[in-house]
Every structure is written in C-alpha cells, then in structure tokens.
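Morning, everyone. Please look at the slide. I'll talk about cavities and what lines them.

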Amino acid sequence: MSRNLRGLSARRGLSEGLYEDIVGAGGSTQPAGLKNVAGKFMTGGAAVMSAGSFYDFLNPVHQGKKVYVCDGTACLTSGKQGDVRSALLKSFSEDEIGTMTCLGHCHSNDAFMVNGEVRLYETGNDPQELKPRTNADRPALIAPQGEIGDYYSLAGRWVSDLSAALGELELSGLRGRGGAGFPFHIKVRSARDAGSGQKYIVCNGDEGDPGAFSDKWLLEERPHSVLFGMLMTGLIIGADTGVIYVRGEYPLAVKRMREAVSALEEAGITGATDDNAGYRFRFHVVEGSGAYICGEETSLLNSIEGLRPEVRTRPPFPAVYGLFGMPTVLSNVETFANIHNILEAGGTHWASLGTDRSPGTKLVSLDGAFNRPGLLEVRMGTPLSVVINEMGGGTRYPVKAFQIGGPLGGLVPASKVDDLTLDFESFAGGGFLLGHAGIVSVPDDFPVIRLLEHLFEFTMKESCGKCFPCRLGSVRGYELLSHASEKGEKISRRLFDDLLETMQLGSLCALGGGLPLPVKNALRYFSDEMDGFFRKGEE
Ligand SMILES: Cc1cc2nc3c(=O)[nH]c(=O)nc-3n(C[C@H](O)[C@H](O)[C@H](O)COP(=O)(O)O)c2cc1C
Ligand code: SF4
C-alpha cells in the first residue's frame, strides 16, 4: 500500500510535492482542501487525511493559538517557563498560549514563538548571538566559511577522483552525529554501488531532541558547510538532488538555508543544466510541521513524500531504498558539515582530533544552568568534567544529574561525571548514550519523578503510533508515574520493569525502544527518591 502511495507521490517529484500541497492546504484543518490534493495526486482521501492530521502545526488546537512557549526539557528543569507564561499573559489570553517542543534556545530557557518568529523574553526580540567555543587547536565545524567561491573550490579539487574522496571519508572514520554513530562511508559506499538510476541526498535537520541546538546553529551560521557536504556526497554516489529537511520550530534556519541555496545557484555553483558550468545538483529545502518522530530517518522520508510519517521497517535501509524508494544517503546536519574539513585537512588529520573509535570533534549544547551556556566544539575523548566544569564553567546552582543525548539519552548522575569522556564508547560503556550531545541540567531540587513523567509524556505525544509497546506503553508509564506523584498511588515494580522491558525489546524504533534507558538510569542512581513511589516488598 505505502509503495503504491509512494509511487503516486513520486510522479510529481519534489518541485510540486505532495507534502507541500498538504501543508499548503492547511492539513486536517481544511478537509475540503485535502480532498482537492487527493484528487490532484490521484490518491485516496484517507491517505492524504492521515498525513495531514499527523503534524502539530496542522492541528486545529495548535492553529487556534497565537503564541507558543517552549516546553522542552531544559526549559522545564530551568523553572523559567512559568515566568515566560506569566509575562505573555499580559498580552494574550490563556487560550491563546500554546507550547512547542523545542525552540532550540536551551541556553537561555526563555524562548517563545509569535507570528512565525522566535523571541526571547529576557534578552529582547533578537535571539542572543551564540559564540561557540572549542578546545580543538583547529576547529572543524565552527571555523568561518569565507567567500563561497573559495569554499566550494575544494569540490573541484576532488571531482576528478571521487573514489579518492570516498577514501578520505573512510580514513576519517566519520561516524553519524545524529545519535547512532553509524560509519558514514559505509552508507555512501552502499548508495554508490546501488545501481545507476535516480539517487538522493537527504539532510536530517529535524533536531528534535530538547536540549540540543547545534544543528540549528550550523544551519543558521554555517549553511554552506552542510550544503558542501551534501554536494560532495551527491557527486560521489551519483545523485543530482539534495533535500534539506529543517524543522518548522527553527524558522531562521529554514530562511538561512533557502538563502544559501539561492546564493549557490546565483553564483553558478549548483543548479546547472547540461550546457552550463557548475554542478548538476539541485537543493530543496523542506520545512517540517511539528513532529519529533520526523527526525527518525524513515519517518522523515515518508514526511518528504507526503505520506503519513510513520516509521518504516528496516531493512531495506535508506541507502538502498530511501526517498521515493531510491538509493539515498540520509545523514545528520553535523555529519555533512564535517566533510569540508575532512577533504581539506585530510581524513587522518581530522580523525586525530578525537579518539581511535570516535574520531573528530563533536558539537555539544549546554543549557542555561551553566555559567557559560551555549555551544562548544569538543575534541572527542575530552573528559566530561572538563566539558562541564571548565568549558561550561560549572553550573549556577547545584545540579544532581545531566540528561545527555536528548529524551532517549541517558541520565548521568553528577557523581558519574568524572568517570566519563565525551565519546561514543565511554558513554555506552557507562550505561549512557552520547546521542546528539545536548546537555540538560537537572537541579538538586527538581524531582526525578517529574522528569520521568515528562519523558513518558513526551514519548506519548510524539509516538508515531505504529507499534503497541511505544503507543500504549508510553501512556501506561505516564499514568503510573503521574498517579504515583499526584495521587500517592504506589506502582508495582514488577509491572513497571515489565513495561520497560516490553518497550525496550518490542518497539520498532528508538523512540519507544530508547525511553527505558534514562528511566532505568533514574531508578538505579536515584533510588532514594524513587523507591517511595513503588510498593514495598515487591522487587
Ligand atoms: C525517535 C528518533 C528521533 C531522531 N531524531 C533525529 C534528529 O532529530 N536528527 C538526526 O539527525 N537524527 C535523528 N535520529 C536518528 C536518525 O534516525 C538517523 O539515524 C540519522 O539521521 C542518520 O544520520 P547520521 O548517520 O548522520 O547520524 C532520530 C532517531 C529516532 C529513533
Ligand atoms: S517505537 Fe514509537 S515512534 Fe517508533 S515505530 Fe513504534 S510507535 Fe512509532
């Protein structure tokens, strides 16, 4: 069924995409409009409605609001949400204030969106400029890009020997920065070897993890490093089209990426036809409509195609069956952004910035609890204590834990900070997850159960609904925890452990499957706080 729908969507391709038509029609708020879209694409009304009713921004409740307060994890634990809301209540009624998760200002914790623009409550209408810091002698990601002609001339140096370029990527050992750390060159090789027809490059700019704003910064401030990485990957695999999917909660990033794509075409670097100079490569910027799960790669592909963005079963993996069923290299913003540096400095040099198994540098987002909040470019393998206490200047108030790597990352107790280094292996070995490396502080006086409720509620709202363990498990977990904290009902530990195991083992993707990790960390390291919520004598 989905293959048939995919085929119908593919007939019009990207320039007149089904997704854009659904969004343009107003989604499920405008059923008549959706019927027209279904007719145009010769697809069923139900299929179009099921996609149009999925996204937050196309939901009638959301559209009835005038202003949206960020309710990401960092804003929650900072305790500032209440102040922002109270201030907004002077200009808006309670009914006019909605929420968005998350606006990517975890370093200031006072963001809200009004009229499609993000504003900050404390520092005024212009989002405060982030000045990233680094402990690398030669930063790979935050270095200025300079003039675009010069910047893209590097592609010309490699275009005559694209196998050598792939060799450098392999030498670098670059691992995906979107969370899973999969070796980049393997995907590229698979897609390159997957026949010679239409292929795509897709950049995952959905950065849904509350606490992370590094992709946002790259998209806004270093758009050409992302586009260069996509272009080079496209040349290597023989793709002529790149899609950058940017979440709608990042309007400035969407704007800057569109401007960067236009600048490239105006400079004659991309968008060429056969007769012109420049690369025959076209970029499309797709703006998300508010759905965390669209960060999961297969859900993201379905979203671009205008299908309901439920997670697809894998295999087949996107490298062989990706966008519109064609071979696709889909990677994270930061992954692509490293490619210029790798091809300029050489894979071996770039690798030496990190450890053997986690080469290179990693962008790290520090939330507003830090004395020096904001963005860091950190050599992989740097002690976590250096990141937190030296580069971040420690926290402004006592903090008992750090949630690192988003809602599906681990909950690192402050007592473990000295044991970890910032790389994939150290975190996995310690029972945590580096993920996308957003660091959210949990103050001493913030109840751990409140954090767990938030995580279950987040999963409950963001679940794509395809599999039971996640769809139902997140609701049941939220109920158990909220009834325990609000009504004093005791939780059966056996039932709770069973729930976590079912979610971990039975979920189709890492939304339902990853949630148990921080929950288990919390039960293990904060048993003094959590034990009282469980029935006694039941282990
Ligand atoms: C629930 C969920 C959300 C995800 N969100 C993101 C995201 O916002 N950005 C991202 O790059 N990867 C995200 N991922 C990982 C992607 O599925 C995929 O692994 C990644 O984009 C591949 O790029 P990489 O190899 O460069 O990391 C998410 C995965 C899951 C399960
Ligand atoms: S785990 Fe959740 S988000 Fe992932 S496929 Fe299952 S229902 Fe969808």
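What volume does the largest cavity have? About 80 Å³. This is a predicted model, where local features need pLDDT of at least 70, side-chain atom pairs count only at pLDDT 80 or more, and totals for chains, interfaces and linings use all residues. Residues are numbered from 1 along each chain as its sequence is written, chains are lettered from A and ligands numbered from 1 in the order in which they are written, and side-chain values use heavy atoms, with hydrogens and water left out.

Now, terms. A cavity is a set of points, on a 1 Å grid over the protein atoms alone, where a 1.4 Å probe fits but cannot get out; lining residues have an atom within 4 Å of a point. Points join across faces, edges and corners, and the volume is the space filled by probe spheres set on them.

The count is 2 cavities of 30 Å³ or more. Take the largest. Its lining has 13 residues. Nearest its centre are Val 311, Cys 464, Cys 467, Cys 470 and Cys 509. Ligand 2 sits there, meaning more than half of its atoms lie within 2 Å of the grid points.

Next, ligand 2 itself. It is surrounded by 13 residues, each with a heavy atom within 4 Å. Lys 466 is among the closest. By class, that shell holds 8 nonpolar, 4 polar and 1 charged. Nonpolar means Ala, Val, Leu, Ile, Met, Phe, Trp, Tyr, Cys and Pro; charged means Asp, Glu, Lys and Arg; the others, Gly among them, are polar.

Last, the second largest cavity: about 40 Å³. Its lining includes Asp 206, Arg 247 and Glu 249.

Key
1 Å grid on protein atoms, 1.4 Å probe; cavity = no way out; pocket = protein on both sides within 12 Å on 5 of 7 lines; lining within 4 Å.
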